[in-house]
Amino acid sequence: MIAAEKVLSAAFPEFEVITAPRPDGGLLLTLRNDDRDVIKRALSKGQTQTDIQLEWVISSVRRDLALEAGMSPAIARLQSQSRTGLPTYEYA
């Protein structure tokens, strides 16, 4: 099992995590629950090789799971909201 598969399995313990290699070097991620595919996501090779990209994938999958369940995820948990601060301007 490659490192990305271990991280994904640990991030979603409530699901059966299935990965399949893609021809471009990426992975096809499937989360299953009760013999039903809940989420399928194609991951690029770059998304599986860097920790920050893998964190973004996990965050986006969690967001999609929350939205599917009818819950809105907390703003603080969304990666795009906490990535960088907003620019500030000084007027002279």
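Q: Is aspartate 35 buried or exposed, and what value of relative accessibility decides this?

A: Buried means under 20% relative accessible area, exposed means over 50%, and partly exposed lies in between, with a 1.4 Å probe and protein chains only. Aspartate 35 counts as exposed because its relative accessibility is 70%. Aspartate 34 also counts as exposed, since its relative accessibility is 72%. Please keep in mind that this is a predicted model, in which local features need pLDDT of at least 70, side-chain atom pairs count only at pLDDT 80 or more, and totals for chains, interfaces and linings use all residues. Residues are numbered from 1 along each chain as its sequence is written, and side-chain values use heavy atoms, with hydrogens and water left out.

Q: Where is aspartate 34 found, and what is its phi?

A: Most residues other than glycine have a negative phi. Aspartate 34, although not a glycine, has a positive phi of about 55°, and the phi of aspartate 35 is positive too, near 60°. Aspartate 34 is found in the loop between strand S2 (27-33) and strand S3 (36-43), and aspartate 35 is found in the loop between S2 and S3 as well. Strands (E, at least two residues) and helices (H or I, at least four) are DSSP runs, numbered from the N terminus.

Q: How do S2 and S3 pair?

A: Two strands pair if DSSP finds at least two bridges between them. Here S2 and S3 pair in the antiparallel sense over seven bridges, and they form a hairpin with two residues between them. Leucine 31 stands opposite isoleucine 39 in S3.

Q: Which residues touch the most other members of the largest nonpolar core?

A: In soluble globular proteins, nonpolar side chains tend to be buried together. A nonpolar core is a set of buried Ala, Val, Leu, Ile, Met, Phe, Trp, Tyr and Cys residues joined through side-chain atoms within 4.5 Å. The largest one here has 16 residues, of which Leu8, Phe12, Leu31, Val61 and Leu65 touch the most other members. Helix H1 (3-11), S2, S3 and H3 each supply at least two residues of this core, and the largest share, five residues, comes from H3.

Q: Which polar contact joins the side chain of serine 60 to another side chain?

A: A polar contact is a pair of N or O atoms within 3.5 Å; within protein, one must be able to donate a hydrogen and the other to accept it, and residues adjacent in sequence count only if both atoms are side-chain atoms. The side chains of serine 60 and arginine 41 are joined by a polar contact of 2.9 Å. Serine 60 is found in helix H3 (residues 51-68), and serine 60 is buried because its relative accessible area is 15%.
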